[in-house]
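Open the model in your viewer and keep the sequence panel beside it. This tour tells you what to select next and what is there.

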Amino acid sequence: MDKEKIKQAVSLFLEGIGEDKDREGLRETPERIAKMCEEIFEGYGSDASEHLSRTFSSEQKGLVVEKDITFFSMCEHHLLPFYGKVHIGYVPDERVVGISKLARTVETFARRAQIQEQLTDQIADAIMDILQPKGVIVMVEAEHMCMTMRGVKKPGSRTVTVSTRGCMEEQDQKQEFFQLLKL
């Protein structure tokens, strides 16, 4: 990440909206924003295989669900946050992953500028490709600040996306997943 370019861009932005970038309250803002970007966009320096390749043998044949994984991401269209919860279900094929690794996988992709539909697919694809379960389902529920604070201005509205792979594309498997989310 190029912190100097970010600082320059923030200075130009402040000037562009008519602010005095040298006034006391804004003097250190370009540095603060550059530092914030390192954290918010740290997913660019992360690879899901770091988390999903450490697996354990398991006799588990049924659905494994990790729900309510909180995430924050940035809309690539407006550079405003969207945030919510991710729910993941997978059917192991003799290997399982530590449950914290699913949350870390979510963070890998959420900490990038992108759209929710892509985030949902990236998580499902990574789990399917790296963990190689019999199937995976990923559901993302999020509120988008680009709809809340600008444009249509509809706070509280949520967007829901779902991606399925393998055996989780079957209706009975999907129903089991959605039933477990209600618990």
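Select Thr164. This residue is buried, with a relative accessible area of 16%. Here buried means under 20% relative accessible area, exposed means over 50%, and partly exposed lies in between (1.4 Å probe, protein chains only). The model is predicted: local features need pLDDT of at least 70, side-chain atom pairs count only at pLDDT 80 or more, and totals for chains, interfaces and linings use all residues. Residues are numbered from 1 along each chain as its sequence is written, and side-chain values use heavy atoms, with hydrogens and water left out.

Thr164 sits in strand S7. Helices (H or I, at least four residues) and strands (E, at least two) are DSSP runs, numbered from the N terminus. Which residues does Thr164 touch, leaving aside its neighbours within four places in sequence? Show Val136, Ile137, Glu169 and Lys174. A contact means heavy atoms within 4.5 Å.

**Next stop: S7 and S6**

Colour the whole of strand S6, residues 135-144. S6 and S7 pair in the antiparallel sense over eight bridges. Two strands count as paired if DSSP finds at least two bridges between them. Strands of a sheet pair through backbone hydrogen bonds, either parallel or antiparallel.

Stay on S6. How many of its residues are buried? The count is 10 of the 10, so S6 is largely enclosed by the rest of the structure. Both faces are covered. One side carries Gly135, Ile137, Met139, Glu141 and Glu143. The other carries Val136, Val138, Val140, Ala142 and His144.

**Widen to the sheet**

Select His87 and Met139. Met139 in S6 is the bridge partner of His87. S3 and S6 run antiparallel, joined by 10 bridges.

**Out to the surface**

Go back to S7, which covers residues 159-166, and pick Val162. Val162 is partly exposed, with a relative accessible area of 43%. With Val162, they form a nonpolar patch on the surface, with about 220 Å² of accessible area together. Patches are made of residues with over 30% relative accessible area and no salt bridge: like charges are joined within 9 Å, nonpolar side chains (Val, Leu, Ile, Met, Phe, Trp, Tyr) within 5 Å. Accessible areas come from the Shrake-Rupley method with a 1.4 Å probe; for residues, only the protein chains shown count as cover.

**Charged pairs**

Side chains of opposite charge can pair when their charged atoms come close. The structure holds 10 salt bridges. A salt bridge is a side-chain nitrogen of Lys or Arg within 4 Å of a carboxyl oxygen of Asp or Glu.

Select Arg158 and Glu141. Their closest N and O atoms are 3.0 Å apart, in a salt bridge. The pair links distant parts of the chain, 17 residues apart: Arg158 is in the loop between helix H6 (145-148) and S7, and Glu141 is in strand S6. Is each end buried or exposed? Arg158 is exposed at 57% relative accessibility, whereas Glu141 is buried at 16%.

Move to Glu107 and Arg111. Their side chains meet in a salt bridge (2.9 Å, N to O). Glu107 is partly exposed at 24%, and Arg111 is buried at 16%. Then select Lys3, Glu4, Lys7 and Glu31, which are linked in a network of salt bridges.

**Last view: everything**

Zoom out. The protein has seven helices and seven strands. Its C-alpha trace spans about 65 × 35 × 20 Å along the principal axes. Of the 183 residues, 42% are buried.
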